[in-house]
Amino acid sequence: MNRKQFNAMCDETFAILGKKYDSPEARAMLWAIGRQESRFEHRRQIGGPARGFWQFEKGGGVKGVLEHPASEKAAAKLCKARDVEATTAAVYPALEKDDILACGFARLLLFTDPRALPTVAPESADFAWVYYKNNWRPGKPHPQTWKAFWKEAIQ
């Protein structure tokens with residue numbers, strides 16, 4: 001996926017979710033996390049259970065977004081717009097085929113964090129890494145790739 005395709009996907013996602021979810025900071029985090037998790041190449045985790053470019057699992061990720069007070073209404077709205085039942089059983093497999101749904105769930109997971117998103121600046125790379133780790137809880141984090149992906153994200 002290139003940046004033009006990414007931005008078109010974000011535009012479509014935020015047209016459903018609403019403008020309050022869209023910001024340069026949100027797009028930077030979505031780009032960096034998508035690159036970190038799947039390189040925007042794999043919608044199904046290699047050798048694992050995660051789905052979508054942002055590599056959501058059923059329990060914490062999908063279920064968390066569907067049930068968190070900060071995201072549940074927006075998640076239901078997104079699911080309705082994408083013609084997916086707002087249940088873990090329906091959303092989880094749909095993430096592999098529906099990039100708008102996956103992008104929306106990634107944005108909504110970030111929205112559940114009460115802290116402000118990292119600023120779009122090179123010096124925010126370390127905070128952005130911590131923010132990502134706290135929200136995605138990667139099983140095998142790869143800090144060595146993050147700074148390059150963050151640099152891409154803020155350009």
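**Close-up views of a predicted all-residue model**

**View 1. P118 is buried, with a relative accessible area of 1%.** Buried means under 20% relative accessible area, exposed over 50%, and partly exposed in between, using a 1.4 Å probe and protein chains only. This is a predicted model, in which local features need pLDDT of at least 70, side-chain atom pairs count only at pLDDT 80 or more, and totals for chains, interfaces and linings use all residues. Residues are numbered from 1 along each chain as its sequence is written, and side-chain values use heavy atoms, with hydrogens and water left out. P118 sits in the loop between α6 (99–111) and α7. Helices are DSSP runs (H or I, at least four residues) and strands likewise (E, at least two), numbered from the N terminus. Beyond the residues up to four places away in sequence, P118 touches E25, M29, S124, F127, A128, Y131 and W150; contact means heavy atoms within 4.5 Å. M29 is 89 residues from P118 along the chain, yet their C-alpha atoms are separated by 7.9 Å.

**View 2. Helix α8 (residues 143–153) has buried residues T145, W146, F149, W150 and A153.** Seen down the axis of α8, these buried residues fall within an arc of 140°, so they line one face of the helix. The arc is that of the directions from the helix axis to the C-beta atoms. An α-helix has 3.6 residues a turn, so residues three or four places apart point the same way. Q144, K147 and K151 are exposed and lie on the face of α8 turned away from its buried side. The buried residues of α8 pack against α1 (3–17), α2 (24–38) and α7 (125–136).

**View 3. T13 belongs to helix α1.** T13 counts as buried because its relative accessibility is 0%. Apart from neighbours within four places in sequence, T13 is in contact with I100, C103 and G104.

**View 4. The protein chain has eight helices and zero strands.** The radius of gyration of the chain is 14 Å, close to the 15 Å that the globule rule gives for 155 residues, so the chain is as compact as a globular protein of that length. This radius is taken over C-alpha atoms, and the globule rule is 2.2 Å times the number of residues to the power 0.38. Along the principal axes, the C-alpha atoms fill a box of roughly 40 × 35 × 30 Å. Of the 155 residues, 50% are buried. Among contacts with a separation of 6 or more, 59% join residues 24 or more positions apart.
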